[in-house]
Amino acid sequence: MKNYKILIVDDSLMSRTILKEFLNNDYILEEAEDGEKALIKVPVFQPDVIISDYSMPIMDGVHFLTIVAKQYPSIIRILISAGISKQINILIKAINEGKIFCFIPKPVDLDYLKNILQKELKQSE
């Protein structure tokens, strides 16, 4: 089985830590605290999946994932966010411009995330 790589992008250290602790046994992980730093890591780390928060300083998750979609279309993109249900326009923009594979509201249902990752990575083989 391939050792899949996941880049976690979130300005919240607590969110990154929770995701890393949950996914650490099954995937090779890297992290960044904003989209700008993540863009530097993408070509070096070469992730199979990016899990990005929406609300971050410097560059929001939609802008970041839009750039990733254009430069690295094969990377699976997942957007997570708290309170986005009130901001449907952000979600529409994320789907249309960032070409995200999946949106998951915070707090992230970790079992659901793991199932999504396993299913999509298996299909991408």
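**Entry 1: the model.** I am working with a predicted model. I keep that in mind for every entry.

**Entry 2: the elements.** I looked up the helices and strands. The chain has 5 helices and 5 strands. Next I read along the sequence to get their order. The pattern is β-α-β-α-β-α-β-α-β-α.

**Entry 3: overall size.** I checked the box filled by the C-alpha atoms. Along the principal axes, the box is roughly 40 × 30 × 25 Å. Then I looked at the radius of gyration, which is 13 Å for the chain. A compact globule with 125 residues would have a value near 14 Å, so the two agree.

**Entry 4: burial and contacts.** I looked up how much of the chain is buried. Of its 125 residues, 46% count as buried. I also took the contacts between residues at least 6 apart in sequence. Of these, 62% join residues at least 24 apart.

**Entry 5: α2 and α3.** I picked out helix α2, residues 35–45, and helix α3, residues 61–71. How do their axes cross? They come within 9 Å and cross at roughly 20 degrees. Angles under 35 degrees count as roughly parallel, so α2 is roughly parallel to α3. The crossing of α2 and α3 is right-handed.

**Entry 6: who meets whom.** Which residues of α2 meet α3? I found G35, A38, L39 and V42 on the α2 side. On the α3 side are F64, I67 and V68. I then sorted this contact by class. It has 6 nonpolar residues, 1 polar residue and no charged residues.

Definitions and conventions
Residues numbered from 1 in each chain as written. Predicted model: local features only at pLDDT ≥ 70, side-chain atom pairs only at ≥ 80, totals over all residues. Heavy atoms only, no water. Axes fitted to C-alpha atoms, helices over the stretch in contact; angles between N-to-C directions. Helix = DSSP H or I, 4+ residues; strand = E, 2+ residues; numbered from the N terminus. Parallel < 35°, antiparallel > 145°, perpendicular 65-115°, else oblique. Left-handed = near helix turned anticlockwise from the far one by under 90°. Contact = heavy atoms within 4.5 Å. Nonpolar A, V, L, I, M, F, W, Y, C, P; charged D, E, K, R; others polar. Rg over C-alpha atoms; globule rule 2.2 N^0.38 Å. Buried < 20%, exposed > 50% of the residue type's maximum accessible area, 1.4 Å probe, protein only.
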